[in-house]
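Here is a note for a colleague who is opening this structure for the first time. Please read the points alongside the model.

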Amino acid sequence: MSWEPNYDAVGQLKHILQGTLSSNGQERIQATEALEQAKYQQDFKNYLLYILVLDSGESSAQIRASAGLALKNSINKDFQLASNEFLLNNVIKGLLIDEALARNITGNVITTMFSQLGVSKWPSILPQLIELAEKGDGKAQEGAASTLAKICEDSSHILDNEFQGERPLDFMVPKFIELTGSSSNKVRAKSLNSLNHIMLLKTQSFLVHLDSFLQRLFQLAVDQDEEVRKNVCMSFTTILETRPDKLVPHLSDVINYALHSIQHSEPEVALEAADFILALSTSDIPENLIQPHLHNILPVLLQNIVYDEMDIVLLEAEDEDDANQEDKDEDIRPTAAKIKSSHTAKSNTNNGQNNVVNHEGVDNDDDEDDDEEEDGDDDFVSEWNIRRCAGATLDVLTTSLPKEVLDIILPILRENIVSEQWPVREAAILAFGAVAEGGYEYASRQLPALIPFLVERLQDKEASIRQITCWTLGRYSPWICSEAIEEGGQFNNYFNHTFKAILQSCLDKKKNVQQSACSSIAHFIENADPELIQPYDKPLIQTFERCFKVYKRLNLIVLYDALQTLINKIELDDEGTAILLPILIAKWEILQDEDKELWPLLECMSSVAASLGEKFAPYAIQVHQRAVRILSNCIELEKQTIVNPTIITPEKDFIITSIDLIDGLVQGLEEHSGELIDENLISLLLETFEDTNDDVRQSSYALLGDLAINTPNKLNNKLSSIVSSIGQEIIARSNDNFPVVNNATWALGEMSLRLDLSQYLEKLIGLLIDLINSQINETALENGAITIGRIGINSPEIFANHIPEFALSWCTYMMYMEENEEKETSFQGMCNIILNNPVGLNESTLPMFVNCISMYQSPGQKLAEIFQKLLLGYKQMLGDNWGLFIGKIENSAELIHKYQL
Amino acid sequence: MSLSDDEALFDDIYGDNEAKIEETKTSSEATNDKEEVKEQTQEASTTEEVKKEEEENQKSRVEIQEDQKSADSAAFESAESKRKADLSRDAGKMFVGGLDWDTSEEKFKEYFSKFGEVIDHTIMRDSNGRSRGFGFLSFSEKGPVDEVLKSQHILDGKVIDPKRAIPREEQDKTGKIFVGGIAPEVRPHEFEAFFSKFGSIIDAQLMLDKDTGRSRGFGFVTFDSPEAVDKVCVGKYLDFNGRQIEVKRAEPRGPQQQQNHIQQQQQRIMQQQGMMAMGMGTQVPNSGASGVYQGVTPEAMAEYWQQMQQYWLQVQQQQGASSDPNMAAQLAAYTQQLQQFQQIQQSGSGAGLESTVSGTPTEGSSNYDNTTPKAPANAPRGPKSFNNDNYRGNYRGGYRGGRGGRGRGNYRGGYNSRGGYHPYSRGSN
């Protein structure tokens, strides 16, 4: 008995769906609510499908579409899906519908269903789709092929799993290859696309067909259809990633094909081809295989760095002076904080399946799927173009083949840089900047002439030239700065001229030049020695002051960052402080708690507070209060949203930046910050340790550490929870979130020096030992070793019996560490631990440890004493073997002398 | 054409890889099926290059199959048992390190075939089929091994490092390995069970703390064949239940007599009553050492000393040969120097030790006197009593520039993500 709908219900539902599309807001809201209610009806999905696919009554395309959308959204988390025969058997009929929109949406629905059910619960769909793609009529073929491509994109891993002794891909791959010979353009394109997704799996099912695939690929390379050729380029790129060896025999041909496509094909194909060349330069293919092709590749790159006609027209049409125009919302991209998620106007997707989501949309063309979604890289994808690709490729190639690249391009650039046409000049300047890093050695010969020339270009009447020149000069800042401090260097004064010129450009009448100049200045500051920058503190502060008055929202972000860089580099004197603080405080007061501009401001103020220390005290209280208020508010909302998901939580950046600000205050005020810190803050901090966002926890552990250093007593009541959270963090470490575990471990170390953690440390033993024996980032490992050592100062017995488990790693990371307070305390503790169990060290770790001692040039008094004690103890223990032993130690003579052994 | 050389370059990474992936994944039957399919699809292609590659591949595929089986651990053991039976094979066995990643089994064999008949060869690979840079091979007899060791070798542009693999004659010692870094919770039966995977165990000894009964973190295992040892010791570390443990061959140190001599000496010392004397007194110059280990009873010290000695001896016995190729010579040199020092000592110029110190690494200047009992002055095991000067550092402040790496929340990498201008960044940097 197959399911039949109640026709009244169908009518009702259609009516509701119609309502959701209404232009009348009120109607829409009501309809949406009704739809929400309808969800709880039985067979809701069946009705939707019916409307989408089977309804022989009149249904507008829109209604079908919204039915489809609702259906797709309701499939997630439906655990009864597998038993819904009606749905499983009928959904494919949607691909037979005439309207493209309905077919598209059906495809999405099928894909979503498949990702949930997999082959095991829906074995019929794949063969059905393939058959339809092979034999259906034109539109149905296309629909099926598109759907298959989507499935391959989203669920390829499912296809690679065995089902009843076979892998679906074993059957599908050859079919796809066949389908690339279809007479339908779309089918060819989509089938190739499917294969590209499958290729990424590196599965055996594909690899066995690799050679026939390659053959077919070469045929498709000259296909008349643009979409096909676009996918061909993608294929080459994917092969490069998965099986470069297969490409090597054909490398010349493929490169030539790509270059040809860049120069002569449609824009989308050209871009894919350019991406191939970029992928080539970053791939494993040895440089010596690429080098022979440079003389073909480089000119193409250089040509394509030039702005295209469209851009030129737009740029030339811009006002010469837009410094007074406010920034539009679309221009402000995600800002300061490290969060990568996008909040711009263009983004209207909410999780869901990242790529499928972009497929729906009422603005689809009739015959075209939305293939624009690419790699889910949020909205920056729309900015990626051939110019950027070419620039990036030039950059990368120069790093691997600097001399060869420069030999070829320098003559070209020297000519182009003085061209009459500004786009050509601009591209040449960009190219010079692009090769700055990789070609540092070779390019420096050009610099004595190039730099002054570029400084002059800062006066060019074309804004784009001024903009790119600022950037390129910034790229050469390492050279310029190092020349400046060289004794008797010929180019000492380059710094002065350049720096001043760029500083002036910060106040250019064009906003994009301002932006470029300001970030270039930040680069210079970052690359320069403090002594080099210090003399410029006044001009810098004065310029920044003026910038603060002039800059619009987007450039303010860069400005805050430049300011922060400056403050971290040099000392601000009272005069500078007197200029700066009022500006920042003024901004602070204008902005609301919910304003995103707060983020870079708070970060900047964090540096200011840390750097000014007591001088910041007058503002400390109000700043602190507000930071705590923001923090508290955010945390509160986060809690509420668990219970009531309709509450919108503010971005994590608010939490991060407010914590950073408090941290800056603590660093600046040191022990005086104790007056600001209260239990409430500590509680809030504890909450943030549980935040799922890595960046939040990174900042909160940083604050924890600084609290431990400056106001340890404030932590006393919560030690158990704190240590517990740190333990969690160490367990949950990964290569992505190592900064968090790094900070947590560091904070633990600082705590152990000043607080009595003995009751809580038991559980951490194994964790810390595992940590430093693991393969995580080196800094995190070093901090782990330091912390284990430091714990030994007050609680050596904790680790004493475990020495054999970590001594090797510990010594490895501590041996070459620079000598500072961290090394000192860690060694003191470690010696303590060893003294508690001297046989913990064995015949390999004992020499290692003693080598560490030997290499320790200037231990403090206490440390030296304990070294001596330890060494003498071993000397006695080893007795006759001491001589043998000590002989193997580096510089043993010195050691013996130093500690009078 | 240079391209086909380049082909070969990658062939070894990927070409052989294909075969290997196949074989490790499936049983040998399925492997054969896949081989067929592969061959069929290969036959379908018509280009010259592919044909050529196919020929090369087919050749190496046969060899690879063999080699692959030996890399597969199940098959390893059966191969091993075959080889165990034939003693003479081991005389010609070599270990070769420093191989280029791309060196294939056939190149490897080809190269060494110049010196003699190669009856067995393997390149060790990881689970992705990538070479780990070393391998084994066996000549049919001993002679070629000597030849190989006479000169330097370069293969695929790398200076490779062949060594004689442990000959069978020393079987009773070479079946032994030292294991370190073992977790404290590990029990002896687990220890033994873990290592029995590699071969039949004659003896497995996990050193236990006699007070707590827990593992002291190290132990020894004696296998009944050198192959098992080879298997265990392919790397320096092994994964034991998620923990890295250190494994090392345990080999004798130079002449056995040297050790026996030292051993006897020390036993003599232990028996002497003079052990009670804590006095380091005249032998030790003002180092403040005499105050170090006070407050400890003589009996405790004696016991500790005994245990420490035993440990140290054992450790010396088991020490791997690879780090000290000329141990015997070094030991001899040491002993000589020590004797010199003793003489100086006895003639009373204790302070002048430094002047006799030369720059060689083998020097040791200790106030060694083997006639006077050596009082260890060491506390017995156990935390607190060893060091009375309980270092409860009231350490505060003096914070000098942190590493922390804590980076105050900012991981500032470039200006792209901070709204700065960049002409070709990919956006979210």
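**Notes on the model**

1. Start with Glu545(A). Glu545(A) is partly exposed, with a relative accessible area of 24%. Here buried means under 20% relative accessible area, exposed means over 50%, and partly exposed lies in between (1.4 Å probe, protein chains only). The side chain of Glu545(A) meets that of Lys549(A) in a salt bridge of 3.7 Å, N to O. A salt bridge is a side-chain nitrogen of Lys or Arg within 4 Å of a carboxyl oxygen of Asp or Glu. Lys549(A) is exposed, at 64% relative accessible area. Why can the two meet? They are four residues apart in helix α30 (residues 537-550) of chain A, and therefore separated by about one helical turn. An α-helix has 3.6 residues a turn, so residues three or four places apart point the same way.

2. A word on the source. This is a predicted model, in which local features need pLDDT of at least 70 and side-chain atom pairs count only at pLDDT 80 or more, while totals for chains, interfaces and linings use all residues. Residues are numbered from 1 along each chain as its sequence is written, chains are lettered from A and ligands numbered from 1 in the order in which they are written, and side-chain values use heavy atoms, with hydrogens and water left out.

3. Other salt bridges. The structure holds 36 of them over all chains. In one, the side chains of Arg243(A) and Asp245(A) meet at 2.7 Å, N to O. Arg243(A) is buried, with a relative accessible area of 6%. Asp245(A) is buried too, also with 6%.

4. A bridge between helices. Glu821(A) and Arg790(A) form a salt bridge through their side chains (2.9 Å, N to O). This pair links distant parts of the chain, 31 residues apart: Glu821(A) is in helix α44 (residues 821-836) of chain A and Arg790(A) in helix α41 (residues 778-794) of chain A. Are these residues buried or exposed? Both Glu821(A) and Arg790(A) are buried. Salt bridges with shared partners join Glu750(A), Arg754(A), Arg790(A) and Glu821(A) into one network.

5. The cores. A nonpolar core is a set of buried Ala, Val, Leu, Ile, Met, Phe, Trp, Tyr and Cys residues joined through side-chain atoms within 4.5 Å. The largest has 310 residues, and Trp810(A) and Phe849(A) have the most contacts inside it. Apart from it lies another core, of 20 residues, including Ile177(B) and Leu238(B). In soluble globular proteins, nonpolar side chains tend to be buried together.

6. Around Trp810(A). Leaving aside neighbours within four places in sequence, Trp810(A) is in contact with residues including Ile772(A), Ile788(A), Phe827(A), Met830(A) and Phe849(A). Contact means heavy atoms within 4.5 Å.

7. Helix α45 of chain A. This helix (residues 845-855) is mostly covered, with 10 of its 11 residues buried. Phe849(A) is one of the buried residues, as are Leu846(A) and Ile853(A). The cover includes α43 (803-814), α44, α46 (861-878), α47 and α48 of chain A. Helices (H or I, at least four residues) and strands (E, at least two) are DSSP runs, numbered from the N terminus.

8. Two positive phi angles. Gln164(A) is not a glycine, yet has a positive phi of about 50°. Gln164(A) lies in the loop between α8 (138-159) and α9 (168-179) of chain A, and counts as exposed at 71% relative accessibility. Asn891(A), also not a glycine, has a positive phi of about 50°. Asn891(A) sits in the loop between α47 (882-887) and α48 (892-899) of chain A. At 49% relative accessibility, Asn891(A) counts as partly exposed.

9. Chain B overall. Its secondary structure comes to 14 helices and 10 strands. Buried residues make up 45% of the 429 residues in chain B.

10. Strand β6 of chain B. Four of the five residues in β6 (residues 176-180) are buried. Which strands pair with it? Five bridges join β6(B) to β8 (residues 215-223) of chain B, running antiparallel. Four bridges join β6(B) to β10 (residues 243-249) of chain B, again antiparallel. Strands pair if DSSP finds at least two bridges between them. Lys176(B) has Thr222(B) as its bridge partner in β8(B), and Ile177(B) has Arg249(B) in β10(B).
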